[in-house]
Amino acid sequence: MAREHHPIALVDVFGSRRVATLAGHARLIRAIVVTPDGRHAVSVGWDATARLWDLSTGHQVRELHLADLVGESTALSPDGRTAALGLHDGSIALWDLGSGAVTTTRPGHTSLIRCLAFTADGRLLSGGRDRLLLVWDVGTGEVTMHLAAHDEEVGAIAVVPGGGFVVTADREVKMWSLDTGELRATLGRHDNSVTSVAVTADGRLAVSTDGGGAVGFWDLVGGRTAPGPDIPPARAVAVVDNRLVAVDDEQIRVHDLDTGEVLARSDDPAITGGVVAVVPTASPAASRGPGGSPAVASLPILVTCEDHPVELRNLDTGARTSSLPGHTRYVRGLAVSADGRRLVSVSWDRTLRLWELPEGRPAMTLHLPDMSGQDVALSADGLLALVPDIYGGAYVWDLERGAVRSRLHVDADLTDRVNAVALSPEGDVAVTGSQDGTVRVWDVPSGECRNVSTGHSNGVGALALSRNTSLAVSAGIDRTVRVWALDRPGGTSPPVGHTRFVRGLAGVPDKGLLVSASDDNEMHVWDTRTGHRLRTLTGHDNGVWAVLASPMGDKLLSGSADHTLRLWELPGGRLLHVLEGHGEKVCALAMSADGTLAVSGAYEETVIVWDLRTGRPRHLLHGHRSLVSDVAITPDGRLVVSAGMDRTVRVWDARSGEALAVWEAHPDVVETVAISPDGGTLLSGGIGDDRVRFWDLRTLEPGPSAFGPFSSVDRVVVGRDGTALCVVDDTWQRSLSVLDLRRARWRRHLTGHADVVGDIALGGDDRLAASVSLDHTVRLWDLHDGVELARLTVDTGLVAVAMAPDGSWLAAGGESGAVHLLQPVGPGVHGVRRRLEERG
């Protein structure tokens, strides 16, 4: 398997070599600072850790893990003894680097902190997503000055030497007086958000970079744009003496600040260029390498990197046996010879690496400029490797000689890149699957294409051959799996489960049933003990978008794009009522605890309260100015809550239909609402909002907010023990967050999904959570310990999940129409662990 690591490189720029690698962070590193004596550095990253490094050895001295750590920025006090770290709730953690002790200020920002800097006299500056610049007294932990600095979030801070002024930036670059808090000058504007700012030692010039790589120069004396040399794009900059250090992907450059001349350059394919820090050259740590060896560097710097090793694991225990470093970009393909003695890996760094197993010893590295790095296949003896090129064909490499055996070439005008490859055991037949949806069969010795099969409406993602090489199986981005006879074009793709997108799942644990709802207009009822489909419920004239079982398990409510709801008897599936009243697609459902009332929301402004005994509307609730996105009802059936695209949350009296409250606190669409088990607290979240908002349903007043490391809240579910599980989303991460309702604080953030999280469910007495994602995975989590217990990867994106209350089964569905019914555990979380230990 392939892993991603984010080390820091200590680079001797003038010597053009890497002096040391500081390895430890598991996710993106966002800031590095160096102590004034150059002996140590502090780094923070999205793995919620801060790390202290000894630069003379390259070893980690200390690690701090904080669940609320933003991981965006850090700053060192002038004496180098204290590191400031921004937290999600707008407070600051002060880390004593000597003792490891941590103290925390009270929140000052109303959102997460993006950047930090200390002045020479020890004042701390912070910039946040709330667009404020704050000045802190570190001794008291109090804010001494508030500056409404920018129209967008403050992304970068640099203190002007002398301590009287500070430069801040979003897109605009501004300079402020720290004595009066007045804006001294608006220096200019970037086209994109600023990623770094540096100031010269004399305080006369500032240099900045933005997300597009543009480098800007600013006259701090005249308060205007400064003429500057022509500098190639850079992701981050630092200034030392009269030299500008600029880093970009795969390279570091040192420029003369006056002329722009390149004084030194160091190329390293692992460098990502996101963060750079200069090590003071007067220090012993800077002038000597690891272990005290002499170093000739006159300008050592720290820069972020990526490392993508291949990991070998024992399938019985799950333990890692070795890590094979070398690839500097994502590893996209792995193949093992039939005797298990050879492993081949290919990567987007356009290298093919051959490893000897079981030791993991590197045997060969081939640098292939026109290799796509998308996939690789091996012959059974491990002597031939099939590798896609960037022109729509592939190479067959002789791994004994390190030379091309055959070229599979196709006219580039007639195809697209190859995503997947397969090779016969003898190495004489090759199959390729392309982004244009075609599957090609090749004769390897001649390099000729035998036939071309079409059928996929989008790219081919994976290929496999039958043992006798008579059949090939392809999996496509179009959510179909096709079987091909290699001696002729053609294929079959029998449907499994539904024939279209699965929109929703509802469990009926007491009866051992699961119901799936799909865009094919049908619902299937499944036996969770056997996995057999018991019956199909038909009647809707369009896709079924929502499905909900009654608390007693005797009824099923479905909502459809045909504008109707239908109430069904369980387990028999007899239709009881057709509920008509909406004029648009029904997308949200809720039901009272006694199963007599239901609430529905649709792609329109109206919310409807239904009497399920008669199948008739009790109230049509008007007030929303746009479509309704979610609905909820208190356990006693007394209050109804609705959320909409009009940015409002509304509370209604279920008996009278009266509007009791309208809350307009969200900045954009309100995506989700959930009610606590006692019916007293409402939670809401939405797009463009970095918090989950609390509302008191007894007093109908706003409550506290729980700020988090995200920009949107997509889904909230509440367990019986008062734990809330939230699906949150940000530009760079998709995760689940566990919220303590009583304290309105985050317990932990569960990361791992690589794409949008489609749905979540609770089970195992609310200690277990299941999540599904468009990254094709189902994941099972222990909410108390915050660990991932199990993971299953399927061949399609997933958007719906359901789990038994005791955790004995879970189900997932999504884009392909298939329903995956899993029985991973015995009851409870301890059963999960026993089974995982037994199976490795």
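This is a predicted model: local features need pLDDT of at least 70, side-chain atom pairs count only at pLDDT 80 or more; totals for chains, interfaces and linings use all residues.
**View 1. An open sheet of 4 strands, β23 to β26.** Follow the strands across and you meet them in the order β23-β24-β25-β26, paired in antiparallel fashion. At the edges stand β23 (236-240) and β26 (262-267); each has a single partner strand, so one side of each lacks a neighbour in the sheet. On average, and with direction ignored, neighbouring strands here are turned by 15° against each other.

**View 2. Where β23 meets β24.** Here we look at an edge strand, β23, alongside strand β24, residues 243-248. The two run antiparallel and are joined by 5 bridges. For a handy landmark, find A238, which stands opposite V245 in β24. As a reminder, strands of a sheet pair through backbone hydrogen bonds, in either a parallel or an antiparallel way.

**View 3. An open sheet of 3 strands, β74 to β76.** This sheet has the order β74-β75-β76, and its pairing is antiparallel. Its edge strands are β74 (798-803) and β76 (819-822), each of which pairs on one side only. From one strand to the next, the twist averages 15°.

**View 4. Where β75 meets β76.** Strand β75 covers residues 810-814 and is joined to β76 by 4 bridges, with the two strands running antiparallel. To get your bearings in this view, look for A811: facing it in β76 is L821, as the two residues stand opposite each other.

Terms used
Residues are numbered from 1 along each chain as its sequence is written. Side-chain values use heavy atoms; hydrogens and water are left out. Two strands pair if DSSP finds at least two bridges between them. Axes are lines fitted to C-alpha atoms, for helices over the stretch in contact, and angles run from 0 to 180 degrees between N-to-C directions.
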